[in-house]
Amino acid sequence: MSDQTDVRRTSETAETAETAETAETAETAQTAPAGSLVGIVGAGTMGTGVAQCFAEAGHPVVVVDNDPGALASGPARLRAGTRTAALLRPGYRQPQGASASRRAESLVTWSAELADLAPALLVVECAREDEDVKEGVLRDLDRICGAETIFASNTSCIPIGHLGSFTARPDRVIGTHFMNPAPLKDAVEVIRAPETSERTVQRTVAFLARLGKHALVVRDAPGFVTNRVLMLTLNEAAAVLGEGTADAETVDRVFQDCFGHPMGPLRTADLIGLDTIADSLEVLRRHTGDERFRPCSLLARLVAEGNVGCKSGRGFYPYSSRHLGARGGTGRG
């Protein structure tokens with residue numbers, strides 16, 4: 001009798017789990033429909049990486065940028081990104097991986113016109129970390145896109161509530177801070193402003209789940225969690241280097257060997273882009289009023305010289321031509 005009871009309980013538990021999984025799948029399908037159009041504003045490193053994530057999940061994607069150079073180089077950079085991601089993923093086999101890469105690439109369209117994003121259910125804004133640029137983009141999108149469209153900003157530091165104020169739909173504005181390289185990072189920092197609705201949060205998390213990403217939802221604040229902490233670290237690492245306490249390699253080795261970081265702060269800064277870091281620090285300084293966020297003299301000098309990291313060929317370290325990547329448009333990249 002006891003054995004039969006145990007069997008029934010096991011069966012009931014399995015049925016309950018299956019029902020919950022089915023309900024979750026149905027909810028995801030409803031809030032993030034398969035095959036729904038996704039828009040990306042910005043064809044730079046992050047915009048192209050985010051576009052790859054959605055295309056690999058089966059979404060048609062339109063990437064918009066006003067820089068002809070970024071648009072022209074976009075397909076080649078996307079192709080390189082899909083190949084690299086396939087090679088680095090577990091269980092990769094050449095025929096299947098190559099076929100999947102071609103399918104993803106075929107789903108991405110490149111455009112100079114924001115109007116092409118009108119039918120998108122989700123638009124991820126990956127424009128330059130400049131408030132005036134982002135304001136212009138969001139105001140235009142608000143006019144162009146349908147009432148249900150979610151605007152997700154990939155801003156690294158600007159408060160989401162501030163960005164939402166540029167639209168007539170602050171309840172449908174949210175932060176989706178993808179990490180770099182986006183196709184290889186499973187976590188996304190999702191920022192919920194006080195005005196962001198619960199439905200917008202649920203829909204955004206469902207879209208990310210379709211990509212195989214898990215959302216870490218945080219409250220709105222300048223720099224959120226990641227860059228409120230990271231930007232200070234990178235700026236101080238640059239200051240230590242500038243003061244001559246240690247060379248770049250030693251600074252990075254301290255973090256790798258002593259703390260187990262896979263990459264030191266200076267190489268991390270070069271990967272992100274020193275111009276992006278300087279812009280982010282200024283945003284943090286402006287929104288917090290804290291002078292700790294003022295870019296140190298070495299960082300400011302390198303940016304002024306155009307030595308902004310991997311994408312320019314030199315930052316704290318020199319890089320070969322294979323590291324060079326498009327910086328995106330001055331207005332939308």
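So, α8 and α11 sit oblique to each other, because the angle between them is about 120 degrees, and anything from 65 to 115 would have counted as roughly perpendicular. Keep in mind that this is a predicted model. α8 covers residues 226-242 and α11 covers 274-288, and their axes are 10 Å apart. The crossing is left-handed.

Who makes the contact? On the α8 side you've got Asn227, Arg228, Met231, Leu234 and Asn235. Coming from α11 there's Ile277, Ser280, Leu281, Leu284 and Thr288. Sort those by class and the contact has five nonpolar residues, four polar ones and one charged.

Okay, on to aromatics. There's one aromatic pair in the structure, and that's phenylalanine 255 with phenylalanine 259. How are the two rings arranged? They're edge-to-face, with 75 degrees between the planes and 5.4 Å centre to centre. Both residues belong to helix α9, residues 248-259, and they're four residues apart, so about one turn of the helix. Phenylalanine 259 counts as exposed, because its relative accessibility is 56% and the cut-off for exposed is over 50%.

Last one: arginine 169. Look in the loop between α6, 160-164, and β6, 173-178. Is arginine 169 buried or exposed? Buried, because it's at 4% relative accessibility, and buried means under 20%. And what does arginine 169 touch? Leaving out residues up to four places away in sequence, arginine 169 touches Leu141, Asp142, Cys145, Gly146, Ala147, Thr149 and Phe151.

Note on methods:
Residues are numbered from 1 along each chain as its sequence is written. This is a predicted model: local features need pLDDT of at least 70, side-chain atom pairs count only at pLDDT 80 or more; totals for chains, interfaces and linings use all residues. Side-chain values use heavy atoms; hydrogens and water are left out. Axes are lines fitted to C-alpha atoms, for helices over the stretch in contact, and angles run from 0 to 180 degrees between N-to-C directions. Helices (H or I, at least four residues) and strands (E, at least two) are DSSP runs, numbered from the N terminus. Angles under 35 degrees count as roughly parallel, over 145 as roughly antiparallel, 65 to 115 as roughly perpendicular and the rest as oblique. A crossing is left-handed if the near helix is turned anticlockwise from the far one by less than a right angle, and right-handed if clockwise. Contact means heavy atoms within 4.5 Å. Ala, Val, Leu, Ile, Met, Phe, Trp, Tyr, Cys and Pro count as nonpolar, Asp, Glu, Lys and Arg as charged, and the others, Gly among them, as polar. Rings of Phe, Tyr and Trp (its six-membered ring) pair if their centres lie within 6.5 Å; planes under 30 degrees apart count as stacked, over 60 as edge-to-face and the rest as tilted. Buried means under 20% relative accessible area, exposed over 50%, partly exposed in between (1.4 Å probe, protein chains only).
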